[in-house]
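Visitor: I've got a few "how do you know that" questions for you. Can we go through them with the model on screen?

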Amino acid sequence: MLIICGVPLQKTIRLRNWFANCADKTDMIHYTIGIVGHLSVCTAFVAALVSAYGYFQSSRQSEIRRSQWLRFARGAFYVHSMAVVGTIYSLFHIIYNHYYEYHYAWDHSSNNLPVHFMISCFWEGQEGSFLLWIFWHVLIGLLLMRSAKQWEPDVMLVFASVQAFLTSMILGVVFFGEFKIGSSPFMLLREARPNDPIFQINPNFIPTDGGGLNPLLQNYWMVIHPPTLFLGFAGTLVPFAYAIAALRTGRYREWVQHALPWAHATALVLGLGIMMGAYWAYETLNFGGYWNWDPVENAVYVPWLILVAAIHVMIVFRRSNTALKAAFILVIATFISILYATFLTRSGILGNASVHSFTDLGLSGQLLVYLIAFLAMALFCLVRAWKQIPTSEEEVTTYSREFWIFMGATTLCLAGFQVIVPTSIPVYNKFLEFFGIHSNMAPPADQVAFYTKFQLWFGIAIALLSGTGQFFFWNRIDAKQLREAISVPLTVTMLISALILIVAKIDNWKYVVLLTAGIYAIVANSFILARLFKTNHFKLAGGAVAHIGVAMMLLGILASAGYSKVISLNNTGLLYNRQFSEEMNKNNLLLFRNQPQRMKDYTLVYKGTRLTSRDFPGYIDQAALQATSTPWLMVAKEDLTYKGKTYFTKGDTLNVYHENVYYEIEYTKQNGKTFTLYPRIQFNEQMGTGGLVPSPDISRSLDRDLYTHITNIPDPEQERKWNKPEHFTLAVGDTFVVNDFIAIFDDVRRGQQIDDEDINVFARIRILDRDREYEAKPAYLIKGQMVRKIPYVNTDLGIKLTIEEIRPKDNAFVIQAATTQKDWIILKAVEMPLINLLWAGTLLTTFGFGIAIVRRFQEGQQVGKTPSGKSVRQEKQTIRV
């Protein structure tokens, strides 16, 4: 009987294993490192407050007093920085050395993790990710202390204030027994789980192993994706701090020059972090794509849209002194949306609406205060200075660059608004519940269809605006000049689009519009690039390059998502199981072990299960390993070799990654070329969906990806049903067939005496598989009148062999062969055409932002310099000489 993947597992497995593995350990608790870490957090918090106060005073004092307070504030921020580094060292020291008396180490790490995944453990939990965010703020703050110059007091005031709020999130201090500020990563396990029976018996009990890093996060992208994303989060504070400083001091125009390079850098890093997460999802999760419109994904996507809109508005102001108020609003909105995203993902308010959100650590109220405090402060500064913010009297016309850039910024903001409104439905429900009102609002049932329906049109608008707007960027043109400028790009676009429509047979009118808009954006910006190269102005090409990259991403999304094709079709006309959905019975392929199966242009062979080890470079046949009482330790049944080199000999014990079971599937193309994929099933009790989580493997080519993942496997806990046995009367050297496998009866040997049996023999039978041989050794024992038969059982092959009778007169043996269903899997295979356009577009967009960053920072270095290239101070010193 076939079953749906997802075997029910008890929620108590983790604790049961814990108690079993760590019975009676009472080693000394490492108090010192925890005390050092907690004191470092407290020091960082206080020093951030002191630094904020010092910068506040320095911004209000005369020149002499200002200098004194500035040194005081810098010193406090240096103390804060050293305390943050001390906190990081303490926490990683606890994780690296497996101090499982601390809850954070026990909850997120284990003995079996390699060092690079221990680094991932650091930021898997809420406290560690907050600490990572704080660390990036420290580095950026130190850079600003050297580069902000006259802006330092006012900008660093905002920076230090934010640091104080963030540090409070990991403070872990309780007042009056109830009022809690932050959640400490240095809490002992017995403090976090005081009701566990083991701590009632032995308060100093220390587990010998931890719960481990979530297997889904044991991926190289999870080592680099979170730091990149949090660096993007941290970067949004810089433009925000400059904007607030400008509103406080009345320097309404100058701040844009300083904030714009940081805004570009932040957009690059945050966008790259988002796409790293998308690629991780594509490689690791099994929903068949890279973006699922999950609330946590949306919460990060929206700030990036607003930030890009803010960059465009700031560019408008730099060129024409218009849209300054819009620049203030969007820069503030970017940072506030980051805080709102933090509240959504860490307060527990999303509940089951997202698989990515953190559980609530009791910080939801503190996060809400954090959000409201900075929102109120920003609104107060903005409202107070609103009338003093300069505005331009110049009328913006349809044929001005300001109009088209502002239209693009508006489109980006509307796209973000459309996403954040339905994403926030759990927040609305919670808010109404606070006032005693019951709300039945629910997030969209089909998130992908709902958001795509709207975002497709925003993508079309962005492509058209990014193509046309570039022609207005360099000078003002009228209607006639516009027609002349875009006539050739439009002609080229139509020719290319028509050719693609004919070849690809695209008939969905929405896709036709998106395709045409994307090609137009690429062609129009390519013409701009050619002009810049011709005039030797490549440093101005950042926008055009980034726009081409975005258009390529749109086309990659269109091709891979709109025209992905399931090729694992069930063409037998038979149902796998009546309990399966129609989609499961229709769009999935059943493979029996070593039985070739046709699938479109491929022939597939399922070859069995495999494991991996950090001490072995390839995949290991699971049948070649013997399990032990420790899940990650196994014994080799045979020599394990890879490319002629023997890594383990028979009887050796090796360390394996037991959470991941890989399924070897050989693909053979019609031209005879072969390749092998290893989709996996993860034993992951932390996911709460039965504990078995499929992850795909991907065959990549230039024009398409072949995406394969397992959808069903046999139930490992289900008792096998054996068919009526068949009997073979065999002499040594005879061959017979069992369950479609050829078996050879090689010989019979005497076994070791067990309990003084009168006769102890075993047969040696070779079973020939496609790529290997199995040796069966059924045994036959006689003691007095008692006969004991020990069968050979191979569930993967579906074979059970037993010596039923020995006939000495005929020099023959009767072998009983029972069979059951062979090992099998059900898989789904999807072709993703032109998905590389998406990844190439991401890299090109990143490159475009990089060009713009270099240009903006070079422009920023010219601020305050005289025509000779020297700073104002250097020029004065030269005059004195």
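Visitor: What makes strand 22 and strand 24 a pair?
Guide: Keep in mind that this is a predicted model. Strand 22 (residues 759-768) and strand 24 run antiparallel, with four bridges joining them. Pairing takes at least two bridges, so they count as paired. As an example, Ile759 has Ile782 of strand 24 as its bridge partner.

Visitor: How do you know that strand 24 pairs with strand 25?
Guide: By the bridges again: five of them join strand 24 to strand 25 (residues 786-790), and these two run antiparallel. The cut-off is at least two, so this is a pair. Ile782 has Val787 in strand 25 as its bridge partner. The hairpin of the two strands has two residues between them, and Gly784 there takes a positive phi near 65°.

Visitor: Why is strand 24 called largely enclosed?
Guide: Four of its five residues (the strand spans 779-783) are buried, so the rest of the structure largely encloses strand 24. Buried here means under 20% relative accessible area.

Visitor: Why is Met441 called partly exposed?
Guide: Its relative accessible area is 39%. Buried is under 20% and exposed is over 50%, so Met441 falls in between. You'll find Met441 in the loop between helix 17 (425-434) and helix 18 (447-472). Together with Phe417, Val421 and Tyr428, Met441 makes a nonpolar surface patch of about 360 Å².

How values were computed: Residues are numbered from 1 along each chain as its sequence is written. This is a predicted model: local features need pLDDT of at least 70, side-chain atom pairs count only at pLDDT 80 or more; totals for chains, interfaces and linings use all residues. Side-chain values use heavy atoms; hydrogens and water are left out. Buried means under 20% relative accessible area, exposed over 50%, partly exposed in between (1.4 Å probe, protein chains only). Patches are made of residues with over 30% relative accessible area and no salt bridge: like charges are joined within 9 Å, nonpolar side chains (Val, Leu, Ile, Met, Phe, Trp, Tyr) within 5 Å. Accessible areas come from the Shrake-Rupley method with a 1.4 Å probe; for residues, only the protein chains shown count as cover. A salt bridge is a side-chain nitrogen of Lys or Arg within 4 Å of a carboxyl oxygen of Asp or Glu.
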